[in-house]
Amino acid sequence: MTLVFTVILAGLSCTPINITIVHTTDMHGWYYGHRHDASEDADIADLYSLITLMKAKQTEHNIVLAIDSGDLIDGTGFSELTRPKGRFVFDVMAKMPFDAMSIGNHELQNAESMTYMADSFVTAMSGRYLAGQTVHKSPSKSMGAPYRLVSLPNTQGRLLIIGFVLNMQSASTEVTQQTVETFLNDARLNPIWKDPTIKAIICPCHFGTNDGLVTTIKNKIRGHFPSTPVVFLCGHTHVTGVDTPDDNSISQQAGFYFHNLGIVSFQLDVSASKTSNSLSNSRFEQIETIHTSSFSGPNSQSFTHDLWNSPEAVSIRDFVNLKVQSLGLNTQIGCSPRTWILPKYGPKGTNEDRVFAMHLLRIRDDLKKGPVFVDDLYTIDMYNFAIYLFANITGSDLNALLISDSSMANTDDDGSTEWFMENGQLFHLGGSNIRTNRAKNGKFKDDHNVGKVTPTEGKIYDLFVDSNIAGIVQNKLNKIAPGKYSWKATGTTFRPIFRKYIEEEMKC
Ligand SMILES: [Zn+2]
């Protein structure tokens, strides 16, 4: 038996190996699927099934890898309501058959999460969690490995997987955070640069496909591996896309919030030397994360319902559903009369005060028509930022601010700009698509927006802003009326206001 096996393999040793990578990124805790969209009802257990079934069909010449590019936490109640923050998100991920994961900026921003990761998650991932740039200050703790080497069948070489994250201005105090440039020159990477067994390099990167860091990494790699295939699996920007940094590399970014999966496949000529490898038949596709009993995936593989719901997948689904129940995430708090769509994130412009900055940092998802659940408070408002007050603004100054500041606002699906008015106070929701305008009598009025509401000259207003834009507003007011206004903390955050609004104004 062994002999026959060996003979077959020897005969096929020059056959290229097909590598298929299932890529996810920026899942942000969306393990439950999408409550409001039946066409996207896959959950994390479906992803488990997909990966394990694709892996079950592997052969010596068809290798399947599953790789994630970070930002596991922040974005659903699973992160906000479990302690240490995000604990449940990490516990689920530790059960998933991923071959590699890179760290995201959200993981790095939270000391509580970092401690849990170091103490539990990273250990459970045993070498599959890649965070070489992130070095724990305690020598006994690790935030992840700098890279991972995966052996190809029959000693035909190895795949190098090396994780990167964007250069952070500040990270949790538990760690020292290296820049990409410093990490690339770190002595820990010395063994890989001269390794002749490496046949392809895969880089899960927590930054976009068009980020200059892709070029920085590619240039470093090319200094040692002139034409070895390189695959960049990007994330962070929530912009899907594909690019070709050079002839033997591709960069791509899968969807976010569990909307899509990226499938990258390519052929690897393992007989080629490190200067003559070529990336042939490379392909990138996006697939919708549909819940399915007959998934038709790459290479037309199809899986039966029985295989899909393996005991392991069912146990992961039960684990998630129980947590939804215990945290009350499916508790209904109101009914939204319509859908407010968060505009898709766009490319960077030249103006730093651009509209998209507000969306990225503030309101994170649509408010869908129909039932509103507790978890929607967390998916829409990821940060629960503090609200600041600019008191006693004259109508004319406020008017000047609004006119100067169309860049701070954004439009909803009918093109209007959304502000929140209550008892004569004007709430800027920093990019909200939620029409939360109320007239003085407390009654919900459907059609107030900045295009139609002009502050009255001679009247005095209180302007409330979230902490994220307080500085921007302050600067603008300083120009309009130097020294006249300064922000004050209110002790209030947005999420409870949003909840109250839904409960009172969006009754079923
Ligand atoms: Zn990110």
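**Reading the core and a sheet of a predicted chain**

Author: Of the contacts in the chain between residues at least 6 apart in sequence, 75% join residues at least 24 apart; two residues are in contact if their C-beta atoms, placed from the backbone, lie within 7 Å.

Reader: What is the average pLDDT of the chain?

Author: This is a predicted model, in which local features need pLDDT of at least 70, side-chain atom pairs count only at pLDDT 80 or more, and totals for chains, interfaces and linings use all residues. Residues are numbered from 1 along each chain as its sequence is written. pLDDT is the predictor's confidence in each residue, from 0 to 100. The chain averages 78, and 76% of the residues score at least 70.

Reader: Over which residues does pLDDT stay under 50, with 104 contacts beyond four places in sequence?

Author: That is residues 405–453. Residues 342–361 also stay under 50, and there the model has 31 such contacts.

Reader: How many of the residues count as buried?

Author: A residue is buried if 20 or more other C-beta atoms lie within 10 Å of its own, these atoms being placed from the backbone. By that count, 46% of the 508 residues are buried.

Reader: Which residues have the most contacts inside the largest nonpolar core?

Author: In soluble globular proteins, nonpolar side chains tend to be buried together. A nonpolar core is a set of buried Ala, Val, Leu, Ile, Met, Phe, Trp, Tyr and Cys residues joined through C-beta atoms within 7 Å. Here the largest has 106 residues, and Ile201, Ile202 and Cys203 have the most contacts inside it. Helix α2 (residues 44–56) gives the largest share, eight residues. At least three residues come from each of domain 1 (14–324) and domain 2 (336–505), with bounds from an automatic or database domain assignment. Another core, of 14 residues, lies apart and includes Leu389 and Val465.

Reader: Beyond its neighbours within four places in sequence, what is isoleucine 201 in contact with?

Author: Its contacts are Leu160, Ile162, Ile221, Phe225, Thr228 and Val230.

Reader: Which strands pair with β7?

Author: Helices (H or I, at least four residues) and strands (E, at least two) are DSSP runs, numbered from the N terminus. Two strands pair if DSSP finds at least two bridges between them. β6 (residues 147–151) pairs with β7 in the antiparallel sense over five bridges, with leucine 149 opposite leucine 160. β10 (residues 198–206) and β7 pair in the parallel sense over four bridges, and leucine 159 stands opposite alanine 200.

Reader: How many residues of β7 are buried?

Author: Four of the five residues of β7 (158–162) are buried.

Key
A residue is buried if 20 or more other C-beta atoms lie within 10 Å of its own, exposed if 12 or fewer, and partly exposed in between; C-beta atoms are placed from the backbone.
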